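Trainee: I have a model open and want to learn how to read its features. Where do we begin?

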Amino acid sequence: MPDRVNKAEITCTVNGETLSLKAYPMARLLDVLRQELRLTGTKEGCGEGECGACSVWIDGEIANSCLVPVLQVAGSEIKTIEGIATGEQLHAVQEAFISCGGAQCGICTPGMVMAAVNLLERTPHPSETEIRMGLAGNLCRCTGYMKIFEAVVRACQATGVKA
Amino acid sequence: MTMPASRVARPSTIEEAVRLLADNGPEAVIIAGGTDVVPNLQMKLFAPRVLVDIKPIRVLQGITIAAAGALRLGALTTLTEIVGSPLLQASYPVLVSAAATIAGPLQRNMGTLGGNLCLETRCLWYNQSHFWRKALGGCLKKDGDVCHVAPGGKRCWAAWSGDSAPALLTLDAEVEITGPRGRRRLPLAQFYLNDGMNRIALGRDELVTSVYLPARTAGRRGIYHKLRIRDSIDYPLAGVAVTLEVDRSGVCREARVAITAVNPAPLLVKEASEWLVGQRYSAELVDRVAHAAIRTGKPLTTSASTPVYRREMVRLFARRALEEAWKNGNA
């Protein structure tokens, strides 16, 4: 049997704010975000690292927060869906998801937005293939993906999509 | 899903990690990217007292030039780094081709090369929830004494389900392992034991620290083809990696074919190198090698896809990969 394990003190940055929190080392980052920090925008889908609903950024890389024991993010910079808008001003990707109907039930949406914004920060002028590849780790059971894809195209329309 | 309430140790040096592994023996499990080990922990396939998180060990990161023109890939090199490396794309394209097919972009951001070489073997009867497995009374590999794939047998057929290993086999890669007695290097082909239960030649107190790609295989044409249910994310159900060295007149000078996901180990197709070297491209020759590839593979009902289909896909992929590498250079 595993030993009795105490909570550990973990310092990390979440959406720009440096936090010190107490959590069991093997608690999933997903649960700490949702339950301890009340950042419930991040959703749990499959809980085994397949669907991408729980996508967050860890040190700038998009990752499944259900696969990360929280102790592994000690010293890291986390960004969640709550950190994407600027105050009341939605991000261009969020605006595009609304205007293109890129969300239905909404469970995959935060993860999709995290993936899309991450893609556009790395590749401001993505090709259609790059958009599809950028969203490949995020599954949606409602939309059939086309409206999500169109939303990402619209979000980068100011700069244009490569053929 | 819940994880066991293990202690997590975060060593910052290889020596410290090895000491933790040696001190805790079978009670320790290594974690790096976590993409394979975390779901396995959640399924209660193992319940370690301590998880040794090797991610803080900086010397395990990155791609560097080593002695004799070899390329050293640290065990913590992420799969995303491999896919995006212009150096690897230019010199060892088969590895980039394979790494690009591993899981999806999120898993590649987290998953490491060392982890991909040490994946747990996979089987329909093993990678299931605790509840599911308990209802069946377990299997040979975990909590039971019957193999549901080959009842009556005493061998575990859980499939090796990695994509980078077959590519590295076709590059004559070596793996560096560090333990309490220091470092050792062995050809990757000897690292895999072809036993679903005891899959790799890695002691409980040892750690994969690097992978070395020799200078002599740099520049070889190569490609990897993979069968999976969902093209954006899944483990392989069958896979074939090919590298070729073809001279200006179209004659093959060196050849390697490796297969994956159809045995408990990734395996080189021995006949391929023998039969291809000194030859020009012909459809018949390629068919013969493809047939040798399916004879090397022994897919059983370890996945939801049928063994017959996986076998035939090995044949198709071997044929296609050889043709592409021979005719088009790097795909």
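Mentor: With contact, which means heavy atoms within 4.5 Å. Keep in mind that this is a predicted model.

Trainee: How is chain A divided?

Mentor: Into domain 1, residues 8-83, and domain 2, residues 92-158. The C-alpha centres of these two domains of chain A lie 21 Å apart. Now apply the contact rule. In chain A, 15 residues of domain 1 are in contact with 14 residues of domain 2.

Trainee: How much area is buried between domain 1 and domain 2 of chain A?

Mentor: About 1200 Å², with carbon and sulfur atoms giving 61% of that area. On the domain 1 side, look at A:Trp57, A:Ile62 and A:Ile81. These residues lose the most area to domain 2 of chain A, and together they make up 43% of what the domain 1 side buries.

Trainee: Which polar features cross the interface of domain 1 and domain 2 of chain A?

Mentor: The rule finds 1 salt bridge there. It also finds 6 residue pairs in polar contact, both residues at pLDDT 80 or more. As for the elements, β3 and β4 (61-64) of chain A each give two or more residues to the domain 1 side that touches domain 2. The largest share of that side comes from β3(A), with 3 residues. By class, the domain 1 side divides into 6 nonpolar, 5 polar and 4 charged residues.

Trainee: What does A:Arg122 form with A:Glu61?

Mentor: A salt bridge. The closest N and O atoms of A:Arg122 and A:Glu61 are 3.5 Å apart.

Trainee: Now a single residue. Is A:Thr42 buried or exposed?

Mentor: Use the cut-off: buried means under 20% relative accessible area. A:Thr42 has 1%, so it is buried. This residue is found in the loop between α1 (29-36) and β3 (55-58) of chain A. Leaving aside residues up to four places away in sequence, A:Thr42 touches several others, including A:Leu30, A:Leu33, A:Val56 and A:Ile81.

Trainee: How should I read a phi value?

Mentor: Most residues other than glycine have a negative phi. Phi of A:Tyr145 is near 75 degrees, a positive value in a residue other than glycine. A:Tyr145 sits in the loop between α4 (128-134) and α5 (146-155) of chain A. It is partly exposed, with a relative accessible area of 35%.

Trainee: What is phi of B:Asn194 near?

Mentor: Near 55 degrees, a positive value in a residue other than glycine. B:Asn194 lies in the loop between α10 (188-191) and β8 (207-213) of chain B. With a relative accessible area of 24%, B:Asn194 is partly exposed.

Trainee: On to the two chains. How many residues does the contact take from chain B and from chain A?

Mentor: It takes 29 from chain B and 31 from chain A. The two chains bury about 2600 Å² between them, 59% of it on carbon and sulfur atoms.

Trainee: Which salt bridge and polar contacts does the rule find across the interface of chain B and chain A?

Mentor: There is 1 salt bridge. B:Arg230 forms a salt bridge with A:Glu50, their closest N and O atoms being 3.0 Å apart. The rule also finds 8 residue pairs in polar contact across the interface of chain B and chain A, both residues at pLDDT 80 or more. Among the elements that give two or more residues to the chain B side are β1 (7-9) and α6 (105-110) of chain B. α6(B) gives the most, with 5 residues. The chain B side that touches chain A has 16 nonpolar, 7 polar and 6 charged residues.

Conventions. Residues numbered from 1 in each chain as written. Chains lettered and ligands numbered in written order. Predicted model: local features only at pLDDT ≥ 70, side-chain atom pairs only at ≥ 80, totals over all residues. Heavy atoms only, no water. Helix = DSSP H or I, 4+ residues; strand = E, 2+ residues; numbered from the N terminus. Buried < 20%, exposed > 50% of the residue type's maximum accessible area, 1.4 Å probe, protein only. Domains from an automatic or database assignment. Buried area = accessible area lost by both parts, 1.4 Å probe. Salt bridge = Lys/Arg side-chain N within 4 Å of Asp/Glu carboxyl O. Polar contact = N/O pair within 3.5 Å; in protein donor to acceptor, adjacent residues only side chain to side chain. Nonpolar A, V, L, I, M, F, W, Y, C, P; charged D, E, K, R; others polar.
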